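Reader: I have a model open and would like to learn how to read it. Could you take me through a few features, one at a time?

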Amino acid sequence: MTLTSLVFSEHAALRLSQRNLNQSDVYYVCERGARSRRAGAIHVFLRRKNVPVHDLRNDRIARLIGTTVLLDSHDGVTVLTVYRNPEAPKRDRRKAKYNRKS
């Protein structure tokens with residue numbers, strides 16, 4: 001999938017700078033990562049198996065493994081936030097308990 005332009009929210013721009021990422025990193029994750037639609041957003045997660053072998057030799061790309069980009073589900077081009085967590089797909093698959101009393 002080739003993305004021509006992404007729109008970054010203020011929150012996403014702040015998170016990019018806090019996590020030492022740039023826009024080209026987000027484009028790479030969006031092009032190569034696995035997509036899933038959950039909780040009103042599109043989650044794009046970059047796994048090791050999504051990265052070609054020749055790209056793994058590049059340290060800049062290898063450090064992106066485990067990065068998640070959240071896109072707005074309405075237009076698919078607005079970046080809501082970016083975070084790094086290798087366990088994110090496992091955590092995001094679980095549905096939060098709703099209105100459960102202890």
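Author: Start with S9, which is partly exposed because its relative accessible area is 22%, and buried would need under 20%. Bear in mind that this is a predicted model.

Reader: Where does S9 lie?

Author: S9 sits in the loop that links β1 (7-8) to α1 (10-18).

Reader: Which residues is S9 in contact with, leaving aside its neighbours within four places in sequence?

Author: Those residues are V79 and L80. The S9 side chain also reaches the backbone oxygen of L80, at 3.3 Å. For T81, 72 residues apart from S9 along the chain, the C-alpha separation is 7.8 Å.

Reader: Is D25 buried or exposed?

Author: D25 is buried, because its relative accessibility is 5% and the cut-off for buried is under 20%. D25 belongs to helix α2 (residues 23-32). Its side chain makes a polar contact with the side chain of R60, at 3.1 Å. Beyond four places in sequence, D25 touches R60, R63 and L64.

Reader: How should I read the sheet?

Author: Strands of a sheet pair through backbone hydrogen bonds, in either a parallel or an antiparallel sense. Here five strands form an open sheet with mixed pairing, in the order β1-β5-β4-β3-β2. At the edges are β1 and β2 (34-38), each pairing on one side only. Strands β3 (residues 41-45) and β4 (residues 67-72) are antiparallel and share five bridges; I42 stands opposite L71 in β4.

Reader: Which strands does α1 touch?

Author: α1 packs on the sheet and touches β1 and β5 (78-84), its direction making about 30° with that of β5. Helix α2 lies across β1, β2, β3, β4 and β5, and runs at about 85° to β4.

Technical notes: Residues numbered from 1 in each chain as written. Predicted model: local features only at pLDDT ≥ 70, side-chain atom pairs only at ≥ 80, totals over all residues. Heavy atoms only, no water. Helix = DSSP H or I, 4+ residues; strand = E, 2+ residues; numbered from the N terminus. Buried < 20%, exposed > 50% of the residue type's maximum accessible area, 1.4 Å probe, protein only. Contact = heavy atoms within 4.5 Å. Polar contact = N/O pair within 3.5 Å; in protein donor to acceptor, adjacent residues only side chain to side chain. Pairing = 2+ DSSP bridges. Axes fitted to C-alpha atoms, helices over the stretch in contact; angles between N-to-C directions.
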